[in-house]
Amino acid sequence: MKVVLFCGGYGMRMRSGAADDVPKPMAMVGPRPLIWHVMRYYAHFGHTEFILCLGYGAHHIKDFFLHYEETTSNDFVLRGGRTELLSTDISDWTITFAQTGIESPIGERLRRVRHHLDGDEMFLANYADVLTDAPLPEMIENFARRDAGASMMVVPPQSSFHCVDLGEDGLVGGITAVSDLPLWENGGYFVLRQEVFDHIPENGDLVADGCAQLAKRGRLVAHQHRGFWKPTDTVKERAALDDAYARGDRPWAVWERDGAGANAGVGTA
């Protein structure tokens, strides 16, 4: 199944200064950028055809893959001046690099790569900046059985703040952590059918337009996930993931937990 990744936004909260033009998916977690971790997650489950919706800082993403160093994250043998890889990351990946505009909303980016989907009935989509250990095959299978146009992974609220139950007399009746409220947030992992394009207008948004219209028609389903899920909207969140990686605490790396993964192999660089 093809995977559409939205990686063309400015990512202002991740930037360290005006001269920093690195897009958010290229922020580093361990020796690899965020987008690699997301793609490695999908590849582990056998989904190795990627369509990258590029925009701001596109040259950083292109350069990363055009000059990809397999030895950074794979064991190898150096013999007679030649590198013999013991495993590979991207040798069987197909990556389409599509410029979808600097200012384009997510929905418009998706519209602009529709022709790359070859009319596939179902495809996957992701913001390319959120890491999870969610069971992707289960998510896909559940959606495939449903008569719906889209599936959105949802997660419990991540805020550390508290909500206050306030009476008219100003007395507080109770305090509840946001994370304990019976609410769900968009988790950024989508399984979509071509039907979604019927509800995304020009320069529209995937969620506010496409998913919202499908929801009104009873055509949107949710996959609830209470496991590991971490966004990287800020420098602090990215640093926390980087620290966790250094400690060996990386539950999103399902390819390490479950073995070598679907795309491990042996080759020569």
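## Surface and charge

The accessible surface of the chain comes to about 13100 Å², of which 50% belongs to carbon and sulfur atoms; areas follow the Shrake-Rupley method with a 1.4 Å probe. This is a predicted model, in which local features need pLDDT of at least 70 and side-chain atom pairs count only at pLDDT 80 or more, whereas totals for chains, interfaces and linings use all residues. Residues are numbered from 1 along each chain as its sequence is written, and side-chain values use heavy atoms, without hydrogens and water.

The chain carries 26 positive and 37 negative charges, whose mean positions are 2 Å apart. Lys and Arg count as positive, Asp and Glu as negative, with His and the chain ends not counted; the charges are placed at NZ of Lys, CZ of Arg, CG of Asp or CD of Glu.

## Overall fold

The chain contains seven helices and 16 strands, taken as DSSP runs (helices H or I, at least four residues; strands E, at least two) numbered from the N terminus. Of the 269 residues, 47% are buried, meaning under 20% relative accessible area with a 1.4 Å probe, protein chains only.

## Nonpolar cores

A nonpolar core is a set of buried Ala, Val, Leu, Ile, Met, Phe, Trp, Tyr and Cys residues joined through side-chain atoms within 4.5 Å. The largest has 48 residues, and those with the most contacts inside it are Leu5, Tyr42, Phe50, Leu52, Phe65 and Trp252. Helix H1 (residues 34-44) supplies the largest share of this core, eight residues. Apart from this core lies another, of 21 residues, among them Phe6, Leu117, Met152 and Leu192.

Technical notes
Buried < 20%, exposed > 50% of the residue type's maximum accessible area, 1.4 Å probe, protein only.
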